[in-house]
Amino acid sequence: MKKALVLLITTLIFAGCGAQTTENKAAQTSKQTINDILAEQQAQTTTAAPKVDYPALDYTAEVDLTVLNSNMVYSTVYAMVTAPQDYLGKTVKASGTFDVYTEPETGKMYYACIIADATACCSQGLEFAWKGDHSYPADYPKVGDVITIGGEFETYQEGQATYCRLKNAELAS
Amino acid sequence: MELFETLAYYFQFPAVRYALIVGVLVALCSSLLGVTLVLKRFSFIGDGLSHVAFGAMAVATLTGGILTQFKPVLDSTNNMIIIMPITIVAAVLLLRTGKNAKVKGDAAIAMISVGALALGYLLMNLSVFPKSSNISGDVCSTLFGSLSILTLTQTEVNICIAVSVVVIAVFILFYNKIFSVTFDEDFARATDSKAGAYNLLIAIIIAVIIVISMNLVGSLLISALIIFPALSAMRVLKSFKAVTICSACLSVFCATLGILVSILFSTPVGSTIVAVDIAAFGVFCLIGAVKGGSKA
């Protein structure tokens, strides 16, 4: 069951492919040309998916994912997960959306920053351990809220598996 | 200027350097055999074999998944050990299909192509994998090569370099034989008892190229990497040697440009490379038309 944690923490997760469809108003506007309708639909799609502004976090990191484009973020997080030894002890900063996973057997909670997908296909997540005493859900952001985190990269063992996370993490939401 | 600074910054990441090395090598290897395949009317064999490689990858993943449950140490099993032989066998079978075969060449390719694709996806969705596994993401990446080239490890790069050196060496050493088998197989068979062996050699090289190309452009787009440079070169040049050299140079240029563009502008790597190949084909068509047109 612990493997299910992979969903949030160390592997790619499926986020669904395909653009959001827009309502077809062609029937109501019979005098419009195809180009007019396409332009209108494109405008609607653009306004439906505004650019996300991630909260600023005053944290200087050796690996700053917030300044990389989505391809490079994907590549770097993949490298962190598959070759964690190269990143141990380094400070990492990342932006994404907040998510939480509860292990059904133990009830233990894991918090993660889901990083925006690179090609409208996959997303990646980084587990983090927030510095200080915080209780869920009172102190934490809501699931899906945009956050920026910064912390020290480490690996830890649970059962037979090794997992990655950012410890002593700072969080801005 | 800002673009160059960004590019210079990104080149500090090993993944970007690996991507460029592998991209150039794969593009070079695939273009060399592309000319032969186009002239032998086997343009679509790349597509069929890439689907076989996808199916083989699913088998390898499934096998790895099952074995890992018994022995975690087998987690590091290299999929290449399974993918490569299956693809080579399929390539040999497809290229050896004779005129008297019950299933003709194009039908055989189509049958193997869709069959392997369907079985591959079916196997990938078997319950041996945890429900949280990113099957769709993996399939998407494998089929379209969205970003897999930016996730290469040092070992994978070394394997690609070794395989590429072997492929290029074999092509240069057997250039004359490949040339004769390409243009007139019947004549080659009549004059050289080893013509069948050279055909087998071509089949093996094609399979090897297909497997290493999967990381660059994905299964569905490999054909573009093989065909477009060759067809572009054929628009303006006529001799086999000139077309092969031009095709190789063009393929390397397009792959390099495609990778750089995708890194800078966050576009999917595989489809960006293919888009550059298509643009280059258009340019070469124009040049060919201006020159009076050369018929491939």
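What percentage of the 173 residues in chain A do buried residues make up? Buried residues make up 34% of chain A, where a residue is buried if 20 or more other C-beta atoms, placed from the backbone, lie within 10 Å of its own.

This is a predicted model, in which local features need pLDDT of at least 70, side-chain atom pairs count only at pLDDT 80 or more, and totals for chains, interfaces and linings use all residues. Residues are numbered from 1 along each chain as its sequence is written, while chains are lettered from A and ligands numbered from 1 in the order in which they are written.

**The two chains**

Helices (H or I, at least four residues) and strands (E, at least two) are DSSP runs, numbered from the N terminus. Two residues are in contact if their C-beta atoms, placed from the backbone, lie within 7 Å.

| Chain | Helices | Strands | Buried residues | Contacts at least 24 apart |
|---|---|---|---|---|
| Chain A | two helices | seven strands | 34% of 173 residues | 68% |

From the N terminus on, the elements of chain A follow the order β-α-β-α-β-β-β-β-β.

**A hairpin in chain A**

Strand 3 (residues 91-102) and strand 4 of chain A pair in the antiparallel sense over six bridges; pairing requires at least two DSSP bridges between the strands. A:Phe98 has A:Cys113, in strand 4 of chain A, as its bridge partner. Six residues lie between the strands of this hairpin, and A:Gly107 takes a positive phi near 80°. Five of the seven residues of strand 4 (residues 109-115) of chain A are buried.

**The nonpolar core**

A nonpolar core is a set of buried Ala, Val, Leu, Ile, Met, Phe, Trp, Tyr and Cys residues joined through C-beta atoms within 7 Å. The largest one has 117 residues, and A:Cys113, B:Ala53 and B:Ile206 have the most contacts inside it. Helix 2 (residues 14-39) of chain B gives the most to this core, with 15 residues. Leaving aside neighbours within four places in sequence, the contacts of B:Ala53 include B:Ile83, B:Thr87 and B:Met214.

**Helix 4 of chain B**

B:Ile83 and B:Thr87 are also among the buried residues of helix 4 of chain B, as are B:Met84, B:Ile88 and B:Leu95.

Technical notes:
Buried ≥ 20, exposed ≤ 12 C-beta atoms within 10 Å, placed from the backbone.
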